[in-house]
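The sequence and structure follow.

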Amino acid sequence: MTKNSTLDLEYRVLKRMKEIGWENLTPVQMKSYPVILRRKSSLLLAPTGSGKTEAAVIPLFTLLGSEKLHHKSIKMLYVTPLKALNRDILRRVIGYAESAGLSVQVRHGDTSLSARRKMTDNPPDVMITTPETLAILLTSKKMRLNLTLLEWIVVDELHELLGNERGSHLAISLERLEELSENKIVRIGLSATVANITEAAKFLVGSYRKCAVIIDRSERKYHIECKQIEGPVPE
């Protein structure tokens, strides 16, 4: 990637962030997009409400949208531990994806059989799924073929997967994807807080791979106003 193309991508990311309402980028957004655009695996740690999702997906969609996607296959996985969160994320990011010329779908245990068949026959550029469903997808020959050009994996709510069985299963799936894809996969982890940053980074990318850690230590400030409303005086 040339210097001019990198500067163009950075400009497009900043422009898009302002278009969707982030006039002033939060610390995690400002720190992360240059790292992500250089295709570095990263762990983003920031308070809830700091725009971590946008910090990850806007640079990724900008990169994917700038590529010529000749082959219909899944280029990015967004893995989240909550089905309800899947639907929320889908509503938020589908507009971002479409504006970049990308398709996005959600896949979990409640997805209908007809929808699954459509995703298998016509895979989206971006798939949102859960750790459990991802493991099932990897048992399907057709879905494995759809993942051979995978480039990016985003793991949301990373702290919920550390030190438990769900996380262990996800770690295995991530390594299976590494062997499956023809591309070097870049992993992005999102979390509000973790007790052991080093172990969280190792869980995300593996013990022998490098991972940039981007931390937003700012505290959210609240303005609370109390008003006393006079009611009727009891007789």
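## Salt bridges

Nine salt bridges are present in the structure, which is a predicted model. In one of them, the side chains of R92 and E54 meet with an N to O distance of 3.0 Å. R92 belongs to helix α4 (residues 83-99) and E54 to helix α3, so this pair ties together parts that lie 38 residues apart in sequence.

## The sheet

Seven strands make up an open sheet with parallel pairing, and their order is β3-β4-β2-β5-β6-β1-β7. At the edges are β3 (104-107) and β7 (212-215), each of which pairs on one side only. From one strand to the next, the twist averages 15 degrees.

Strand β3 runs parallel to β4 (residues 126-129), and four bridges join the two. Within this pairing, V104 is opposite V126 in β4.

## Helices on the sheet

Helix α2 packs on the sheet and touches β1 (42-45), β5 (152-155), β6 (186-191) and β7. The direction of α2 makes about 160 degrees with that of β7.

Helix α9 (residues 197-205) also packs on the sheet, where it touches β1, β5, β6 and β7. For α9 the stated angle is with β1, and its value is about 135 degrees.

## Packing of α2 and α3

Two packed helices are described by the angle between their axes and the distance between the axes. For helix α2 (residues 27-37) and helix α3 (residues 52-66), the axes come within 9 Å and cross at roughly 30 degrees. Angles under 35 degrees count as roughly parallel, and α2 and α3 are therefore roughly parallel to each other. Their crossing is right-handed.

On the α2 side, the contact is made by V28, Q29, S32, Y33, I36 and L37. These meet K52, E54, A55, A56, P59, L60 and L63 in α3. By class, the contact of α2 with α3 has nine nonpolar, two polar and two charged residues. E54, listed here on the α3 side, is also the partner of R92 in the salt bridge described above.

## Packing of α8 and α9

Helix α8 (residues 165-180) packs with α9 at an angle of about 50 degrees, and the axes are 8 Å apart. The two helices are therefore oblique to each other.

From α8, the residues G167, L170, A171, L174 and E175 take part, meeting F203, L204 and V205 in α9. The residues of this contact divide into six nonpolar, one polar and one charged.

Terms used. Residues are numbered from 1 along each chain as its sequence is written. This is a predicted model: local features need pLDDT of at least 70, side-chain atom pairs count only at pLDDT 80 or more; totals for chains, interfaces and linings use all residues. Side-chain values use heavy atoms; hydrogens and water are left out. Axes are lines fitted to C-alpha atoms, for helices over the stretch in contact, and angles run from 0 to 180 degrees between N-to-C directions. Angles under 35 degrees count as roughly parallel, over 145 as roughly antiparallel, 65 to 115 as roughly perpendicular and the rest as oblique. A crossing is left-handed if the near helix is turned anticlockwise from the far one by less than a right angle, and right-handed if clockwise. Contact means heavy atoms within 4.5 Å. Ala, Val, Leu, Ile, Met, Phe, Trp, Tyr, Cys and Pro count as nonpolar, Asp, Glu, Lys and Arg as charged, and the others, Gly among them, as polar. Two strands pair if DSSP finds at least two bridges between them. A salt bridge is a side-chain nitrogen of Lys or Arg within 4 Å of a carboxyl oxygen of Asp or Glu.
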